[in-house]
Amino acid sequence: MRFLVTSLAFLGLLAGCSASDSMSEATGPNTPPTASALTFEPKSAKVEEAVTIAGSLRFSDPDGNVKTLHLRFQNPDGTTTPTISTPIPDAAGVTDDTASFALPVQPTLVGDYTLEAWIEDTEGALSEVREGTFTATADVPDASAPVLSALVVNSVSKGVGVEVDVDGSFDVV
């Protein structure tokens, strides 16, 4: 009987070593990070207007091994911009935090752009993609301001730096 107890204890010790060895190599299966609360400003700009979108993406990862923030746009015409990937500084060991970004953009099409953001960890696991809408509007002149549609100037040349009288006409619509 004692042999059986000793053998079982030895098998238990071997099983413990095996589990312990695998635990020292990794703390278990990697858990993908989660992403939530994508926030950013501004939410709109005029076409061809250069703006910087400043925002953040909240993340959590029980493994504490987040590495990279990924961003891209779905354009109003259905095309996708290349993904911008940026390392998350000082993220090692962090299990719950916010990744901030500043993204210079200059929209070229009128319409809604979808900003997509997600997190990647050191094992290559990806969070779900979070989305927000950025709208590009046409540069429409103020309806109350007159619009100059034609200007006719009778040319008079008297030299550089010389004051001249201009005679002409213009149409306002």
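User: How are residues numbered here, and which pLDDT limits apply?

Analyst: Residues are numbered from 1 along each chain as its sequence is written, and side-chain values use heavy atoms, with hydrogens and water left out. Because the model is predicted, local features need pLDDT of at least 70 and side-chain atom pairs count only at pLDDT 80 or more, whereas totals for chains, interfaces and linings use all residues.

User: What is the strand order in the open sheet of three strands?

Analyst: Strands of a sheet pair through backbone hydrogen bonds, either parallel or antiparallel. Strands are DSSP runs of E, at least two residues, numbered from the N terminus, and two of them pair if DSSP finds at least two bridges between them. Here the order is 1-3-6 with antiparallel pairing, and the edge strands, strand 1 and strand 6, each pair on one side only. Seven bridges join strand 1 to strand 3, and Ser-36 has Arg-58 in strand 3 as its bridge partner.

User: Which residues touch the most other members of the largest nonpolar core?

Analyst: Such a core is a set of buried Ala, Val, Leu, Ile, Met, Phe, Trp, Tyr and Cys residues joined through side-chain atoms within 4.5 Å. Of its 26 residues, those touching the most other members include Ile-53, Leu-69 and Phe-101.

User: Is His-70 buried or exposed?

Analyst: Buried means under 20% relative accessible area, exposed over 50%, and partly exposed in between (1.4 Å probe, protein chains only). His-70, in strand 4, is buried, because its relative accessible area is 8%.

Note on methods:
Helices (H or I, at least four residues) and strands (E, at least two) are DSSP runs, numbered from the N terminus.
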